[in-house]
Amino acid sequence: MADLHIQTEEPPQSDSAEPPGPGTHPAAVAEDSDPAKLSPRQPHTSLSSPRPAFWAGVPDEKWNDWRWQLANRLNTLDELAQIINLTPEEIEGLTAEDKFRVDITPYFASLIDPDDPQCPIRRQVIPLGRELQAFEGMMEDSLAEAKHSPVPGLVHRYPDRVLMLITTQCASYCRYCTRSRIVGDPGANFSRAEFDLQLEYLRRTPQVRDVLLSGGDPLTLAPKVLEYILSSLRAIEHIEIIRIGSRVPVFLPQRITDEFTDMLRKYHPLWMNIHVNHPKEITPELSQALDRLAYAGIPLGNQSVLLAGINDSVNIQRELVHKLVRNRVRPYYLYQCDLVKGAGHFRTTVAKGIEIIEGLRGHTSGYAIPTYVVDAPGGGGKIPVMPQYLISQAPGKIVLRNYEGYITTYDEPLDYDPHAIDHLDRQAVRRSEAGQIGVAGLLEGRINSIKPEGFDEIHRRDGIQHRLNANEDKWKRFHISEAQRRAPKSSGQNGSGSKSNGHNENGRKVNARNGRSQPSGNGHKPPSQPE
């Protein structure tokens, strides 16, 4: 079972068979693609995007069959030239021998403006000659996913969650794909044996509570294979959440049938992130697919990539997020384009991304604003980047500004006790994050520093151990709470014990450096004690 992607040559079947065919759901959306006007259990006249003349003779039952769409993808110069007036640079990209895979579903190709080389749909799926140009910082695996894979296809970068790659196949292929090193290559696909290695790792790793299925695109897997993975994950007691990252609803909305969503809903809590980059991608067909997913109880999010000449505009991003939330999709991430081969001409400056967030925050609803992130080159994970709203601070006061430039101060409480929560905090579940507690560990006092690799060795300078550096205790920090726990209890006149609180039995403070007592308060003797 080395290659588990869908074999599209088979004739269409119903979803009850293996693999399933198109659903018969007649639901549709209003012309403005507003799903609020749609009840998924009340049939409406189906709306669809205009179809180019090239496919005018294709019967609706075939066009709406996701298997037909996959079997008739466009991938050659001759095929694309029949529907698009190709530019010389597009011809150069399509004829390059070492180009990243090209495959475009007829549905998604029908959204392309054949006469506009800058069409945002076209730019995402048609290669250009410049795609092959190397650029500064380019890497094959810029996120170091393979380096952080304990077993093939499973990336364990964060303490409590993993990325589970389960296929290298997609319905169509984005030109800026971050996994172009393996995606699109059937020979690199994952086997049943590798699925079992991934699952076995998860069974023996109880700290993992969240699994994200990706690839490739998980929704291109044969239904029985996908259900095998979902059911196996749901059988692992400590796996709380399963997420799916998919662009199938965008490239191939015909795949999202009632039968398919009925299968997905068996494995709740199940979440899904789709991938829409431009408002033009939100069509009546996508809205119907999203409505089915939402009706199945699947919370929906969207991940966009910031792409030069496609969506690097505040106005385009605002239109995009507004259309998403109307379709019950929460904007989740806006990614800075990765340092991968083929993506050089799509990259913007980080300053442009900050400008876009500046143009959204306060100017539209908070739940419509994605988190702008740079996925750290070398495998550091997602790093949020945003405008600076904290202008300055002083003890008891901070200075803030809002989206309009209004500047104000916020007075912090002078009597705040951060330890008042300690009793409840001790009852909360603590989670082990060995080696990954990071800056939060510094703030909690669990670690004292985060050192670059080899820091201590470098600063020893190949020196010897001697009388001044032999005692490691001199670099340990003093903590009053620890001193209080270690201090012997003293008995009062009533015989009850009391904690030291940093004083000796005579009410004099204990010097943290040498343990000697010193006068309390302003240096005068306590009034109730003799000299």
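Predicted model: local features only at pLDDT ≥ 70, side-chain atom pairs only at ≥ 80, totals over all residues.

Analyst: Glycine 216 sits in the loop that runs from β3 (210–214) to α8 (223–234). Proline 269 belongs to the loop between α10 (258–264) and β5 (270–274).

Two further backbone positions concern phi. Arginine 328, in the loop between α12 (314–326) and β7 (329–336), has a phi near 65°, a positive value in a residue other than glycine. Aspartate 462 is not a glycine either, yet its phi is positive at about 55°; this residue lies in the loop between α16 (455–460) and α17 (480–486). Aspartate 462 has a relative accessible area of 81%, which is over the 50% cut-off, and therefore counts as exposed. Arginine 328, at 45%, falls between the 20% and 50% cut-offs and so is partly exposed.

The side chain of arginine 328 leads on to the charged contacts, for arginine 328 and aspartate 291 meet in a salt bridge of 2.5 Å, N to O. This pair links distant parts of the chain, since aspartate 291 is in helix α11 (residues 284–295), 37 residues from arginine 328. Aspartate 291 has a relative accessible area of 2% and is therefore buried, the limit being 20%.

Another salt bridge joins aspartate 160 to arginine 209, with the closest N and O atoms 2.9 Å apart. Aspartate 160 is in the loop between β1 (154–158) and β2 (161–165), and arginine 209 in the loop between α7 (192–203) and β3, so the pair ties together parts that are 49 residues apart in sequence. Aspartate 160 is buried at 4% relative accessible area, whereas arginine 209 is partly exposed at 22%. Both residues belong to a network of salt bridges that also links Arg161, Glu240 and Arg431. Across the whole structure, 28 salt bridges are found.

Leaving aside residues up to four places away in sequence, methionine 164 touches several residues, including Leu199, Leu202, Val211, Leu213, Ile229 and Leu233. In soluble globular proteins, nonpolar side chains tend to be buried together.

Conventions:
Residues numbered from 1 in each chain as written. Heavy atoms only, no water. Helix = DSSP H or I, 4+ residues; strand = E, 2+ residues; numbered from the N terminus. Buried < 20%, exposed > 50% of the residue type's maximum accessible area, 1.4 Å probe, protein only. Contact = heavy atoms within 4.5 Å. Salt bridge = Lys/Arg side-chain N within 4 Å of Asp/Glu carboxyl O.
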